[in-house]
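Thank you all for coming; I would like to walk slowly through one structure, for anyone who has not looked at it before. Please bring it up on your screens, and we will begin with a question.

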Amino acid sequence: DEDARAFEPLSKAYSIPKDAPGRDVTMEKCLGAAAAVPMEILELSCRAIELQEGFAKMGSTLAVSDAGTGAAFCRAAMYGAALNVRVNTKLMKDREEAGRLNGRAVELMEEYRKIADKTYENVCGRLK
């Protein structure tokens, strides 16, 4: 819901004529707001991956598959969120801010996809 609310002003800003005064400022503000929500989703997905890793370590054999499933779902959410950050930063005029957001997304992806994959693989190993 928050993502939809953040995107609405951006969708309206796209209809502003390209030569209209203030369009660039409006677009930049809207693009930043639209990128902020998926960045938060990305960060929350990473936190959820950490939780799934812990659940897999302490979970019973009967419930451990839930941790593996959770890790897989959180990984997918992380990937989707990273794409949505990138689509919004692509058009930002402030390339420094775009680079900062993209760099943070890449860092999180590199770290947490490994944790998600390892958690999933560990769960699969326990189910053999």
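Is Arg-104 buried, partly exposed or exposed? Before I answer, please keep in mind that this is a predicted model. Arg-104 has a relative accessibility of 35%, so it counts as partly exposed. The side chain of Arg-104 meets that of Glu-107 in a salt bridge, at 3.7 Å from N to O, and Glu-107, at 48% relative accessibility, is partly exposed too. These two residues both lie in helix 4, three residues apart, which is about one turn of the helix.

Staying in helix 4, which covers residues 95-126, we find a salt bridge between Arg-100 and Glu-97, whose closest N and O atoms are 2.7 Å apart. Because Arg-100 and Glu-97 are three residues apart in this helix, about one helical turn separates them. Arg-100 is partly exposed at 49%, and Glu-97 is partly exposed at 26%.

If we now turn to helix 1, residues 2-13, Lys-12 and Glu-8 are four residues apart there, again about one helical turn, and they form a salt bridge with the closest N and O atoms 3.4 Å apart. Lys-12 is exposed, at 52%, whereas Glu-8 is partly exposed, at 42%.

Finally, a word on the largest pocket, which has a volume of about 150 Å³. Its lining includes Tyr-14, Arg-23, Met-27 and Lys-93, and by class the lining has four nonpolar and four charged residues, with no polar ones.

Terms used
Residues numbered from 1 in each chain as written. Predicted model: local features only at pLDDT ≥ 70, side-chain atom pairs only at ≥ 80, totals over all residues. Heavy atoms only, no water. 1 Å grid on protein atoms, 1.4 Å probe; cavity = no way out; pocket = protein on both sides within 12 Å on 5 of 7 lines; lining within 4 Å. Points joined across faces, edges and corners; volume = space filled by probe spheres on them. Nonpolar A, V, L, I, M, F, W, Y, C, P; charged D, E, K, R; others polar. Salt bridge = Lys/Arg side-chain N within 4 Å of Asp/Glu carboxyl O. Buried < 20%, exposed > 50% of the residue type's maximum accessible area, 1.4 Å probe, protein only.
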